[in-house]
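Student: Please take a close look at one helix pair in this model. I would like the geometry and the contacts.

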Amino acid sequence: MMKRIHGFVGQHLTGFRKKAVRKDMARHQNILFIRPTAVRTRCKLFLLLIITCVLAPVAHAGAVAGSRPPYHQRDDVQAFVAEMSRKHGFAADELHEVFAGVEFQASVVKAMEPPSSPGVRSWERYRASFVNQRRIERGLGFMQEYAADLKRAHAQYGVPEHIVAAIIGVETIYGQNTGRYRVIDALTTLAFDYPRRAEYFRGELEQYLLLAREQGLDYFTVLGSYAGAIGLPQFMPTNVRKLAVDFDGDGKVDLRNSVVDAIGSVAHYLSVHGWKTGAPVASQVMFDGTVPAEWLQSIQPVMTRDDIRQVGFSTPAPLDHTLSFAVIPLETPEQPPEFWLGFENFYVITRYNRSTFYAMSVLQLAEALYQRP
Ligand SMILES: [Ca+2]
């Protein structure tokens, strides 16, 4: 394992990244399996029924649930509009009109909540969702098709081709599944009807309004994930504005339609978060004895070889004493956990999504895509 990992270790993260590991797993499962289109279709049928039977004279695009006031009539939304107007010079009338057209999405709130019957955390199951034949085969095709752009991104930002491809592969199956929610609906729903994270999502809604204005986008045509993440690499609006790049040189940043912009933007993101060219990412390690629980509490790479010496350990190759790492457990029920040393570059991948399962899936998919020179 070490040897193979070292193959790319020797050479060689968007947005909404606050969830615990289990939550991230739930999120990815949701992205894969919730089938937002079906949910929306059911919602539309339901809405149609309500409108037809009860609300026909007063139906409004914003009034999805019978008793729910449309967003533009709510005090909190009106205060937000006033703030956007004051801070950024938006015409209040225009935003008022926008929020009149926004639809509350109950399925967005539902997707944010922890599963009602949380499954047992399983690295084996998580891994199988992302590091599988389908993603490997498509990834090899992606690597081939965009070889020149991936190579250019590697040269410019120092992030290897297969790491960039693996992130896009894990996020959206190389652009196949970039989300079916209108971003304005998702962000407004979470900003005003999901109190636990309202502050964060109001910030993202603000950034989305600015992004749409800057790029001349129709507020309602941009689609994304239930959390409002956009395009092949699933950047949140803040990161689109801050870190996305025009890598195909057509004069605009477009993460939804330009694969090349997505490639450059992922490489730029990882570079800005501290990717170290040529530094190792992770190495599996065997411990001889019990791993102290406090070692497992942080994913920040703050430990060194000397720190773990008290419990005998072995790695497939000698461990450089200058490297810092976190000890990463990967648990599967009824199996002994795997332990990995996650070096600084592993931590950088967790800046894309803080789940260690996520980061290790990216790494192992990348390993499968690695083209030996
Ligand atoms: Ca472009």
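Tutor: The model is predicted: local features need pLDDT of at least 70, and side-chain atom pairs count only at pLDDT 80 or more, while totals for chains, interfaces and linings use all residues. Residues are numbered from 1 along each chain as its sequence is written. The protein chain has a mean pLDDT (the predictor's confidence in each residue, from 0 to 100) of 86, with 82% of its residues at 70 or more. Over residues 1–63 pLDDT stays under 50. Where pLDDT is low, the predicted coordinates should not be read in detail.

Helices here are DSSP runs of H or I with at least four residues, numbered from the N terminus. The crossing is right-handed, meaning that the near helix is turned clockwise from the far one by less than a right angle.

From H4, Val 77, Val 81, Ala 82, Met 84 and Ser 85 meet Ala 92, Leu 95, His 96 and Phe 99 of H5; contact requires C-beta atoms, placed from the backbone, within 7 Å. By class, seven of these residues are nonpolar, two polar and none charged. Ala, Val, Leu, Ile, Met, Phe, Trp, Tyr, Cys and Pro count as nonpolar, Asp, Glu, Lys and Arg as charged, and the others, Gly among them, as polar.

Notes. Two residues are in contact if their C-beta atoms, placed from the backbone, lie within 7 Å. Helices (H or I, at least four residues) and strands (E, at least two) are DSSP runs, numbered from the N terminus.
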